[in-house]
Amino acid sequence: MSPGEKLDPLPDTFILQPPVFHPVVPYVTTIFGGLRAGKMVVLQGAVPLNARRFQVDFQCGCSLHPQPDIAIHFNPRFHTTKPHVICNTLHGGRWQAEARWPHLALQRGASFLILFLFGNEEMKVSLNGQHFLHYRYQLPLSRVDTLGIYGDILVTAVGFLNVSPFVEGGSEYPVGHEVPCSRALPQGLWPGQVIIVRGLVLPEPKDFTLSLLDEAAHVPVTLRASFADRTLAWVSRWGRKKLILAPFLFYPQRFFEVLLLCQEGELKLALSGQGVGATSLGQQALERLRELRISGSVQLYCVHY
């Protein structure tokens, strides 16, 4: 991207809210665009050894007085003889009938990965890759615009996924894709088409590549991230490298999103919600593309196009 070049804004529906790393608890933040079916919130962290309880609240506003309604109150409790999770809804200052789930899969002193997946009528929660509970909404999901995290919890990262990474109409948790990963592009790429890749960087990463192959198995363009020198570049069919002058947004053991938007002969790139540049190939070259290949030091959760 040349100095002073400005990118056209990406469509709002494709923008991922930037992840938050190591927030101080209590932590309250706005959810960009609010909650809707298909959205997912990812919480990564650890439970302190002396933890009694913590809570994750999906709130209808962020005021202190009066207290806002809480559409979904997720509350793990460790201080009882049988650790469990409570879910509830606060409406008009009054708690509704609580729901309780025993056999809590979270442990004091252990790290965790919690996925909150929002469907049309209920929220599903998985703990460390295993389904744990579902909670039916008692307030409209469209009212939720704030996330609050409170109590005894150490948060490493909070991620927000705005575009459903699931098959249309699906409602299951994302599963890992093996790397290297290959996906067919039978019709090539056309203006308005979007490729979305989401995943987790491994603990000791070396590189990450996303390549597009044409009908003759040539590679017109590759997006390459090098962790050794923390550079991001487009690599042409002949090996010519063009550095992308943008912050390096890949970090070990953290989530990432790569978004490629096809527009009239070029590919626009966004990383974790930030537009970082474009590369021109020509519309005919884009239409001749037939395969997407992904390799490197990552675990993939979503390959969507």
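Biologist: Is Cys-87 buried or exposed in this structure?

Modeller: This is a predicted model, and in the model Cys-87 counts as buried because its relative accessibility is 0%. Cys-60 is also buried, with a relative accessible area of 14%.

Biologist: How many disulfides does the structure have?

Modeller: A disulfide is a covalent bond between the sulfur atoms of two cysteines. A search of the whole structure finds zero disulfides.

Biologist: What share of the chain is buried?

Modeller: Of the 305 residues in the chain, 50% are buried. The chain exposes about 15,100 Å², and carbon and sulfur atoms supply 52% of that area.

Biologist: Where should I be careful with the coordinates?

Modeller: Where pLDDT is low, the predicted coordinates should not be read in detail. For the chain, the mean pLDDT is 86, and 89% of the residues reach 70 or more. Over residues 163-171, however, the pLDDT is below 50, and this stretch has 17 contacts in the model beyond near neighbours in sequence. Residues 1-15 also stay under 50, with 25 contacts beyond four places in sequence.

Biologist: Which secondary structure elements does the chain have?

Modeller: There are 24 strands and one helix.

Biologist: How do I read a sheet, and what is the strand order in the open sheet of six strands?

Modeller: Strands of a sheet pair through backbone hydrogen bonds, either parallel or antiparallel. Here the order is β1-β13-β3-β9-β10-β11, and the pairing is antiparallel. The edges are taken by β1 (20-21) and β11 (130-136); each has a single partner strand, so one side of each lacks a neighbour in the sheet.

Biologist: How many bridges join β3 to β9?

Modeller: Seven bridges link β3 (residues 40-46) with β9 (residues 111-118), and these two strands run antiparallel. On this pair, Leu-43 stands opposite Ile-114 in β9.

Biologist: What joins the side chains of Asp-69 and Arg-143?

Modeller: A polar contact of 3.1 Å joins them. Asp-69 belongs to strand β5 (residues 69-77) and counts as buried because its relative accessible area is 12%, which is under the 20% cut-off. Not counting residues up to four places away in sequence, Asp-69 touches several others, among them Cys-60, His-91, Leu-139 and Arg-143.

Biologist: Where should I look for backbone details, such as a cis peptide bond?

Modeller: Look at Val-25 and Pro-26, which are joined by a cis peptide bond with omega of about 5°. Pro-26 lies in the loop between β1 and β2 (27-30).

Biologist: Which residue other than glycine has a positive phi near 55°?

Modeller: That is His-103, in the loop between β8 (99-101) and β9. His-103 is exposed, with a relative accessible area of 71%. Ala-217 has a positive phi too, of about 65°, although it is not a glycine. Ala-217 is found in the loop between β16 (207-214) and β17 (221-226).

Key: Residues are numbered from 1 along each chain as its sequence is written. This is a predicted model: local features need pLDDT of at least 70, side-chain atom pairs count only at pLDDT 80 or more; totals for chains, interfaces and linings use all residues. Side-chain values use heavy atoms; hydrogens and water are left out. Two strands pair if DSSP finds at least two bridges between them. Helices (H or I, at least four residues) and strands (E, at least two) are DSSP runs, numbered from the N terminus. Buried means under 20% relative accessible area, exposed over 50%, partly exposed in between (1.4 Å probe, protein chains only). Accessible areas come from the Shrake-Rupley method with a 1.4 Å probe; for residues, only the protein chains shown count as cover. pLDDT is the predictor's confidence in each residue, from 0 to 100. Contact means heavy atoms within 4.5 Å. A disulfide is a pair of cysteine sulfur atoms within 2.5 Å. A polar contact is a pair of N or O atoms within 3.5 Å; within protein, one must be able to donate a hydrogen and the other to accept it, and residues adjacent in sequence count only if both atoms are side-chain atoms.
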